[in-house]
Amino acid sequence: MIAHASAPTHALLALGGVAAVAAYTAGWWKHPGSSPWPLAAWVTAVLTVVAALSPPFEALADRTYTGHMLQHLALVLVAAPLMAMARPLVVWSRSRPRHHLPPAATRTAIRVTAPMVAAAVFVGVLAVTHLTPIYDYAIRHRYVHDLEHAAYLSAAIGLWAALLGGRRHDAGRRLAAVFAVTAGMGLVSMVLVAAEHPMVESYVDRLGDAKALTDQRSAAALMWISGMAVTLPLIVLIVWRWASAEQRATLRREELQESVRR
């Protein structure tokens with residue numbers, strides 16, 4: 001059986017969600033006229049995390065690998081991008097003096113390297129947790145299970161923040177990061193599908209060899225399909241924003257040249 005969290009732990013998780021929403025709302029409220037969309041994204045993300053780690057979802061993860069994969073995908077593909085779009089660090093740091101920010105050179109270095117570093121970290125977390133005994137160990141030990149979820153969520157938030165942020169000149173690096181993540185998810189999925197035996201003993205104990213192997217392949221297909229469903233539109237969005245920014249820059253240069261000739 002999976003290492004379920006106790007009822008008090010779930011209650012603490014819910015209280016933590018309330019506290020996270022309250023803290024974000026307090027920061028957002030200090031700036032009248034702020035768009036409501038970041039607040040809505042944050043609230044939805046927190047609710048998604050609480051729901052994904054709730055007893056019904058945990059029971060679903062207990063029964064099948066596919067259910068466990070759904071739990072992870074809710075964190076990675078729903079909660080994480082919403083949290084990245086909400087930009088909580090920006091909201092909470094608006095009142096901080098500018099001299100507390102890192103130097104401009106440091107911020108530039110972070111922005112330049114963030115996409116590929118975040119992609120490497122995310123793919124690394126994905127591969128280590130799915131292709132080693134850690135996945136099975138996490139199912140049997142609650143605290144490892146919690147750390148696994150924390151690793152997925154934090155790595156995914158970092159990835160989404162790097163992909164959705166940046167400037168026009170960073171579009172190429174963001175595209176490279178998306179392709180790297182797509183390839184990494186595809187490789188992990190292929191290993192799970194091609195395996196001749198189930199890789200998670202806990203589900204073998206639960207389902208038997210044949211059903212556990214079928215379930216594993218279904219979970220891998222779900223990861224691959226959902227990953228493609230998200231990354232392909234993201235590629236289109238990055239290219240579109242890149243092209244639009246280049247077009248605006250070209251128009252500004254032409255207008256400047258025209259004004260100089262006059």
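This is a predicted model: local features need pLDDT of at least 70, side-chain atom pairs count only at pLDDT 80 or more; totals for chains, interfaces and linings use all residues.
## Cavities

Residues are numbered from 1 along each chain as its sequence is written, and side-chain values use heavy atoms, with hydrogens and water left out.

The count comes to two cavities of 30 Å³ or more, a cavity being a set of points, on a 1 Å grid over the protein atoms alone, where a 1.4 Å probe fits but cannot get out, with lining residues having an atom within 4 Å of a point. The largest cavity has a volume of about 120 Å³. Leu77, Leu159, Trp160, Val181 and Thr231 are the closest to its centre of the 13 residues that line the largest cavity. Two or more residues of this lining come from each of helix H4 (65–86), helix H8 (142–164), H9 and helix H11 (209–261), and H11 gives the most, with four residues.

The second largest cavity holds about 60 Å³ of space, and its lining divides into eight nonpolar, two polar and no charged residues. Among the residues that line the second largest cavity are Met69, His72, Phe122, Tyr152 and Met223. H4 and helix H6 (104–131) each supply at least two residues of this lining, the largest share, four residues, coming from H4.

## The second largest pocket

About 250 Å³ of space lies in the second largest pocket, a pocket being an open set of points with protein on both sides within 12 Å along at least five of seven lines. Of the 13 residues that line the second largest pocket, Leu13, Val49, Leu53, Asp146 and His149 are the closest to its centre. Helix H1 (7–29) and H8 are the elements that give two or more residues to this lining, and H8 has the largest share, with five residues. The lining of the second largest pocket divides into seven nonpolar, four polar and two charged residues.

## Salt bridges

The model has three salt bridges, each defined as a side-chain nitrogen of Lys or Arg within 4 Å of a carboxyl oxygen of Asp or Glu. Asp146, a lining residue of the second largest pocket, forms a salt bridge with Arg142, the closest N and O atoms being 3.9 Å apart; the two are four residues apart in helix H8, and are therefore separated by about one helical turn.

Salt bridges that share partners join Asp136, Arg140 and Asp205 into one network. Arg140 and Asp136 meet at 3.5 Å, N to O, and both lie in helix H7 (residues 134–140), four residues apart. Asp205 forms a salt bridge with Arg140 at 3.2 Å between the closest N and O atoms; because Asp205 lies in helix H10 (residues 201–207) and Arg140 in helix H7, this pair ties together parts that are 65 residues apart in sequence. Asp136 is buried at 13% relative accessible area, Arg140 is partly exposed at 40%, and Asp205 is exposed at 57%, with buried meaning under 20%, exposed over 50% and partly exposed in between (1.4 Å probe, protein chains only).

How values were computed
Grid points are joined across faces, edges and corners, and a volume is the space filled by probe spheres set on the points. Ala, Val, Leu, Ile, Met, Phe, Trp, Tyr, Cys and Pro count as nonpolar, Asp, Glu, Lys and Arg as charged, and the others, Gly among them, as polar.
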